[in-house]
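Here is a walk through one protein model, going from a single side chain out to the whole chain. Have the structure open while you read.

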Amino acid sequence: MEDPMKYLLRRLIRRIPAQLLKPTLEKWGRMTMAQKQTIDFTQSKLAITDTLLAFSEENGWTIKHIVELEMIYVIDNPNQGLWHAFQLMHPEADAQAVEFLQFKEQFKSHLSELVKNVSVKIKKNTDDAVWIRIAWGDSFSRPNNLKPTYVVHYLCTCYVFVTRLTSKQKPLLSQALIIATRHQAMKDAHLSGPKLTAIRDLLMQQYEQVFPTKYPSPLTSTSRTVSHPNIEREQAEAEVNRLQMAREAFGGGQLPQLQSVVYKLETKFRDPANKTMTEQERPFKCMVKFASTNILESLRHCASSGIASTPVTLLLSSIPRKGRNYFVITDNAQGPSSQPDQPPN
């Protein structure tokens with residue numbers, strides 16, 4: 001069987017795009033100047049990998065060194081995989097005073113108590129984000145470095161972002177984070193997506209927000225040509241109002257690139273012509289998913305252009321307001337004639 005370090009290195013080099021291979025290896029800093037000059041990056045990845053494997057024998061690289069390289073690549077290229085957001089709840093009095101070294105020691109120590117075989121690597125990035133790589137094992141197996149969990153936490157905030165976490169591992173991670181951050185609970189924020197930067201900016205409100213005003217700024221230009229000045233003025237005012245309401249609902253400027261939003265409906269079926277479905281006791285369930293390269297930008301355009309009605313419905317404006325892209329819509333009242341009149345949960 002191939003050495004685990006060599007196998008991990010092979011997989012990692014295949015994963016890194018060719019154009020990012022040279023800067024990532026240079027940032028790693030585990031090769032001598034002569035070794036760097038030896039690598040021909042115009043060759044195939046297979047040839048480059050063979051060269052690196054030869055260097056590993058000379059330099060005595062271990063799994064820990066390859067994990068360092070992997071973390072450099074993932075931190076510099078976070079928009080991959082599927083990230084899930086969580087929120088820490090009920091901070092203790094000293095939660096804001098937790099420093100990086102204190103967090104690091106507490107997290108590692110407690111997770112090691114919960115899991116017999118676990119490998120944890122923690123690194124603080126330049127933007128104050130704490131990156132955690134966890135290779136999970138159990139009582140009978142060593143840590144699996146091929147399927148690590150990545151966790152991103154911004155100190156002195158209540159937000160945590162996680163990728164590749166199983167339901168079995170979730171309570172273990174939750175307990176370690178709660179103790180290390182001085183909180184009492186952690187809940188699902190119902191926000192996920194492949195772009196870490198998008199869900200982070202949305203949840204932490206790191207984008208231009210627009211607040212209601214009685215005097216919206218007029219549009220700088222209009223493409224419409226209207227013959228009557230009264231009609232032209234009325235249409236211009238309507239366009240200004242639509243743009244203002246769209247910006248108030250979804251934000252202004254560049255928006256986080258959220259790629260989907262899901263609405264799960266759990267309510268009574270209502271149709272007098274279909275008694276079979278209407279009289280059922282069980283709730284009617286269905287799911288609606290909106291997808292786009294930038295769902296917030298798409299919805300804002302629909303509202304500002306008049307494709308969608310304004311003011312924007314609460315079902316859509318709740319996405320940035322609550323920082324979520326998964327909603328469950330239920331009935332408050334009972335009975336087939338009840339009408340749902342509540343914001344999405």
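Leaving aside its neighbours within four places in sequence, which residues is Tyr154 in contact with? This is a predicted model, so keep that in mind throughout. The list for Tyr154 runs to Asp127, Asp128, Ala129, Tyr159, Phe161, Arg200 and Met204.

**Around Tyr154**

Tyr154 sits in strand β4. Its relative accessibility is 10%, so Tyr154 counts as buried, the cut-off being under 20%. Along the chain, Tyr154 and Asp127 are 27 residues apart, yet their C-alpha atoms are 8.7 Å apart in space.

**The other residue to look at in β4**

Strand β4 covers residues 149-154, and Thr149 belongs to it. Is Thr149 buried or exposed? With 0% relative accessibility, Thr149 counts as buried. A polar atom of the Thr149 side chain lies 2.5 Å from the backbone oxygen of Arg164. Setting aside residues up to four places away in sequence, Thr149 touches Ile132, Arg133, Ile134, Trp136, Val162, Thr163, Arg164, Leu165 and Gln169.

Now move over to β5, residues 159-163. Why can this strand be called largely enclosed by the rest of the structure? Because 5 of the 5 residues in β5 are buried. Tyr159, Phe161 and Thr163 point one way from β5, while Val160 and Val162 point the other way, and all are buried.

β5 pairs with β4 in the antiparallel sense, through 4 bridges. Within that pairing, Val152 has Phe161 of β5 as its bridge partner. The two strands make a hairpin with 4 residues between them, and Cys156 in the turn has a positive phi of about 65 degrees.

β5 is also joined to strand β1 (residues 83-89), again antiparallel, by 5 bridges. Here Phe86 stands opposite Val160 of β5.

The loop between β4 and β5 also holds Cys158. Apart from neighbours within four places in sequence, Cys158 is in contact with Phe86, Gln87, Leu88 and His183. Cys158 and Phe86 are 72 residues apart along the chain, with their C-alpha atoms separated by 8.3 Å.

**A second hairpin**

β2 (residues 118-124) and β3 (residues 129-136) pair in the antiparallel sense too, over 7 bridges. Look for Lys121, whose bridge partner in β3 is Arg133. These strands form a hairpin with 4 residues between them, and the turn contains Asp128, whose phi is positive at about 70 degrees. Asp128 is also one of the residues in contact with Tyr154.

In soluble globular proteins, nonpolar side chains tend to be buried together. In this model, the largest nonpolar core has 83 residues, and those with the most contacts inside it are Leu52, Phe107, Trp131 and Phe161. Which helix gives the most to this core? Helix α5 (residues 63-76) does, with 8 residues.

Phe107 is worth a click. Not counting residues up to four places away in sequence, Phe107 touches Val120, Ile122, Ile132, Ile134, Leu173, Ala176, Leu177 and Ala180.

**Helix α11**

Over in α11 (residues 295-305), the buried residues are Ile295, Leu296, Leu299, Arg300, Ala303 and Ser304. They lie on the same side of α11, because they cover an arc of only 160 degrees around the axis. In general terms, an α-helix has 3.6 residues a turn, so residues three or four places apart point the same way. Gly306 follows α11 and has a positive phi, near 95 degrees.

**The whole chain**

Zooming out, the protein chain has 12 helices and 9 strands. Of its 345 residues, 40% are buried. Among contacts with a separation of 6 or more, 68% come from residues 24 or more positions apart. The accessible surface comes to about 19600 Å², with 52% belonging to carbon and sulfur atoms.

Conventions: Residues are numbered from 1 along each chain as its sequence is written. This is a predicted model: local features need pLDDT of at least 70, side-chain atom pairs count only at pLDDT 80 or more; totals for chains, interfaces and linings use all residues. Side-chain values use heavy atoms; hydrogens and water are left out. Buried means under 20% relative accessible area, exposed over 50%, partly exposed in between (1.4 Å probe, protein chains only). Contact means heavy atoms within 4.5 Å. Accessible areas come from the Shrake-Rupley method with a 1.4 Å probe; for residues, only the protein chains shown count as cover. The arc is that of the directions from the helix axis to the C-beta atoms. A polar contact is a pair of N or O atoms within 3.5 Å; within protein, one must be able to donate a hydrogen and the other to accept it, and residues adjacent in sequence count only if both atoms are side-chain atoms. A nonpolar core is a set of buried Ala, Val, Leu, Ile, Met, Phe, Trp, Tyr and Cys residues joined through side-chain atoms within 4.5 Å. Two strands pair if DSSP finds at least two bridges between them.
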